[in-house]
Amino acid sequence: MKNKEFNLPPVPAVLLAIISVQCGAAIAKTLFPAIGAAGTASLRIGISAIILLFAYRPNLKQIKPNQWKIVAPYGLTLGAMNLIFYLAIERIPIGLAVTLEFMGPLLVAIIGSTRLIDYCWVILAGLGIVLIAPWSNDRVDLLGVFFALLAGALWAAYIILGGKISKIMHDGQAVATGMLFAAILILPFGFYENGLANLTPQFLGMGAALALLSSAIPFTLEMKALGQLPPRTFSILMSLEPAAAAICAFIFLQENLSFYEILAVVCVVVASAGSTLTAKR
């Protein structure tokens, strides 16, 4: 019966993961001023690791050497990706950070492809990402830009490693074990920044919600999808993230969408749907 948990088709699983992450981002934004980027990342990953370890109870002694060789770098990549991205959005607008970060998945989507249709969907998704970026911002922190691009490179590695580990290890076991490595990597940064010293019961409760929405639920859903979708298709589907961020800003922050931003949403949605429909079985 356990194998039927989160038994969603891969495309709805990715879409639900995107929605979950965007809800978690709203919570993270309220925590930044109080405990900082590293503190927020530590709280999110640390609580996520506890939740997933309790939920899936992975037997670390039964993990084989070939599984350790992938799940360890998978978890470390996962942790570094989240920490670096939070450091990026401390310095540059989140829309720009998400756009720059997507250079990683787009490279995964195009490298190795031999079909013209794959290039067409990637180009269309890339056009949407370019249109949605706040290029009008003249004063951009170059360190923030570097962090966003580095997060994109880590995201590309996460996609590749996630696809590999999903084929040799149970989804929940892989995510729980990987999150343990992510927590080991990130927690020292949270203590070093001293953000975790400011924790209150309210912040812990918000951290638990953040961990569920931004880590535990979406990473489990993504792992399930990675085992069934080609990496290129997964990457293009994930390009819905910038569009979802813009829509959430309109709904929750009353930020109006410009013509180009609406056009960007259309481009990304069409590219995502098209890549799904034309993906090889």
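Q: How many of the 281 residues count as buried, and what makes a residue buried here?
A: Of the chain's 281 residues, 51% count as buried. The word is about relative accessible area: under 20% is buried, over 50% is exposed, and in between is partly exposed (1.4 Å probe, protein chains only). Keep in mind that this is a predicted model, where local features need pLDDT of at least 70, side-chain atom pairs count only at pLDDT 80 or more, and totals for chains, interfaces and linings use all residues. Residues are numbered from 1 along each chain as its sequence is written, and side-chain values use heavy atoms, with hydrogens and water left out.

Q: Why are α4 and α6 called oblique to each other?
A: The axes of α4 (residues 103-110) and α6 (residues 142-165) cross at roughly 45° and come within 6 Å. Axes are lines fitted to C-alpha atoms, for helices over the stretch in contact, with angles from 0 to 180 degrees between N-to-C directions. Under 35 degrees is roughly parallel, over 145 roughly antiparallel, 65 to 115 roughly perpendicular, and the rest oblique. The angle of α4 and α6 therefore lands in the oblique class.

Q: What does Tyr158 touch, and what counts as a contact?
A: Contact means heavy atoms within 4.5 Å. Leaving out residues up to four places away in sequence, Tyr158 touches Tyr74, Thr77, Leu78, Met81, Phe219 and Glu222.

Q: What makes a nonpolar core, and which residues touch the most other members of the largest one?
A: A core is a set of buried Ala, Val, Leu, Ile, Met, Phe, Trp, Tyr and Cys residues joined through side-chain atoms within 4.5 Å. The largest has 78 residues, and Val14, Tyr74, Tyr86, Tyr158 and Met179 touch the most other members. Helix α1 (residues 10-56) gives this core its largest share, 16 residues.

Q: How do you know which helix has the lowest confidence?
A: You look at pLDDT, the predictor's confidence in each residue, from 0 to 100. Helix α9 (residues 231-237) is lowest with a mean of 73, while α2 (residues 65-89) is highest at 92.

Key
Helix = DSSP H or I, 4+ residues; strand = E, 2+ residues; numbered from the N terminus.
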